[in-house]
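User: I would like to go through some of the labels used for this model and hear what each one rests on.

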Amino acid sequence: MIALLMFLVACAVLLLGFPVALTLGGVALWFGLGGVLAGTFDAATLLDYSSRLWGIFANETLVAVPLFIVMGVVLEKARLADDLLHALSGLWGGRRGAMGYTVVLVGALLAASTGIVGATVVTLGILCLPIMLREGYSPALASGTVAAAGTLGQIIPPSIVLVLLGDVLSSAYQQAQLRMGVFSTETVSVGDLFAGALLPGLILVVAYLLWVFIAAPRDPVPVDVPQPQEPAPSMGLALLAPLGLVLTVLGSILGGVATPTEAAALGAAGAILLALVRRRADLHTLEGCAMKAVEMTAMVFLILIGAALFSLVFNAYGGDHTVQNLLADLPGGLGTALVCVMLLVFLLGFVLDFIEITFVVVPIVGPALLMLGADPIWLGVMLGLNLQTSFLTPPFGFALFYLRGVAPESVVTTDIWRGALPFIVIQIGIIALVALVPGLATALPQWLYGG
Amino acid sequence: MRALQRGLQWGATLNSATFHIAAVSLLLMVLTCAGLVLVRYGLGLSSIAVQEAVMYLHALVLSLGLAGAWQRDGHVRIDIFYRNWSAQQRRRLNRVGTLLLAVPFAIFVLWSCFDYVQVAWQRQESSAEPGGLAWLWLLKTLMLVFPVQLLLAALWVGWGGDGTARTEETSR
């Protein structure tokens, strides 16, 4: 019970606005000291933290994180999005809702190559939102489409969310099997999750396109897409560069040629090469990219460092067993437990960041769900979709924040919220679909990697 | 008072310097890791030592950047209320948070890791793999370096700069 109290206190303190990572660590520390003074557990329990911390430093899966971040930051600097946009918008030429499809497709292509929400939303927002408004899209539909397209990077592999989820779930899976007395444990890898998320991600893109098709204005005003100042690369080159990167990264992982880390390194090196060849970056901009990437890496890892103490203390109070019993005692078994957890993650997504949810909530509920018989890949894909939704849920969805920052004054904030709503419904629909048809997530990894 | 300010500034500069080292390490990490893959599939060569070098660089990237990222206000906040607060309210929150949350946490990390690192030094711990690198003990020392850096950053964020930490232009 004290464990759950700690969770609530942490949430409350988080709202004050002190950096999340330090808040998690600080709150957990005070509760840990309280537990030691009250005699609930002894100080040696807290000393375990050192080996957990080293576990973070030496974690081979997480090496992929800074590499993927570099890839995303460099591609943003190389203005890949602009190129894609100009190349694709020519393709539809004046058809009904042309810009809407372009936005969704560019979002999907960028998703597969960078996976950084902020960059995608800002670029699409600056370049496409004004055009869509002039084409006659309602402000709500236009901004909703841009925000939703920007979040695709979270679920379409390779994505950082899936790397983090893969790491957390693989240890949760191991724990679940050990607790059930299975000692020849099976594993789940980041590659499995990538393969699992591919099909649901594509279904999501199709669903977005369908919604744009249904809701787009009946009589679009033809609008010329402004040409970039510098000569745009040809359509072929604009499409080939990102596709080449995607094929390299994703293909080498799914084909079993490279680990996600190696693929991420190839992707990052490829992105740097691309930026240099296109003369979109010199050594000075590369330094800027590296600094930005270090900042984002530090952000992720400090949360992990703080959350490690949080879960250590949470479990010292017996929180893991409390949650496990709570979920196991629900009538209806796995189904009800899954719905409850999904609902919890969805609600937490209104206030918390996907990284916090991944590092704090998933380690707590993951083993319990897996012990009830959930397939780890299936669970991971649904969690990924759910976390992606948190970028869209007002009032604190990041995609909405970014878009607000670049949207013209004529688009009011409630338009953005209203526009996001249908896409949130689509998200929930797809989560339900994957829940009902687990094969959507599990078939591809099974086919690729067998058993 | 002046000396104190200068001390805080010195700490902040040190943190920025290691932040730069982390950035260079990250670029090196990209090159090394990509090179490793290419050489392995191109020439069929592999090296435990180079593989471990990637791990070492990764550890440098993630630990040496932590404090500097805080000084750039790169650590994510739930800014529901924070972003509407005045500079003075933010300063107050940052000071209270620093004293009650960040400083105790950094001291705790130091306390809990001290023995762990000391043992690594005594044994001069090196790689468990044949052909691996011999400086594992040195790498583990990073677990004591970053909390000290966090303490310096905490003091700087609370009392050194304008006490608000930059938000608008730097956060995410």
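Predicted model: local features only at pLDDT ≥ 70, side-chain atom pairs only at ≥ 80, totals over all residues.

User: What makes the second largest cavity count as a cavity, and which residues line it?

Analyst: The term is used for a set of grid points where a 1.4 Å probe fits but cannot get out. Its lining consists of Phe7(A), Ala10(A), Cys11(A), Leu14(A), Leu24(A), Phe310(A), Leu352(A), Glu356(A) and Val360(A). Helix 1 (2-14) and helix 17 of chain A each give two or more residues to this lining, and the largest share, four residues, is from helix 1 of chain A. By class there are eight nonpolar residues, no polar ones and one charged.

User: How many cavities of 30 Å³ or more are there, and what is the volume of the largest cavity?

Analyst: The count is three cavities of 30 Å³ or more. The largest cavity has a volume of about 140 Å³. It is lined by 18 residues, of which Val351(A), Leu352(A), Asp353(A), Phe396(A) and Phe398(A) are the closest to its centre. Helix 17 (354-371) and helix 19 (398-406) of chain A are the elements that give two or more residues to the lining. The lining has eleven nonpolar, three polar and four charged residues.

User: Why is Leu193(A) called buried?

Analyst: Buried means under 20% relative accessible area. Leu193(A) has 0% relative accessibility, so it counts as buried. Leu193(A) belongs to helix 11 (residues 190-215) of chain A. From Leu193(A) to Ala148(A) the separation is 45 residues in sequence and 22 Å in space, C-alpha to C-alpha.

User: Why is Leu33(A) called partly exposed?

Analyst: Partly exposed covers what lies between the buried limit of under 20% and the exposed limit of over 50%. The relative accessible area of Leu33(A) is 35%, so the label is partly exposed. Leu33(A) is found in helix 2 of chain A.

How values were computed. Residues numbered from 1 in each chain as written. Chains lettered and ligands numbered in written order. Heavy atoms only, no water. Buried < 20%, exposed > 50% of the residue type's maximum accessible area, 1.4 Å probe, protein only. 1 Å grid on protein atoms, 1.4 Å probe; cavity = no way out; pocket = protein on both sides within 12 Å on 5 of 7 lines; lining within 4 Å. Points joined across faces, edges and corners; volume = space filled by probe spheres on them. Nonpolar A, V, L, I, M, F, W, Y, C, P; charged D, E, K, R; others polar.
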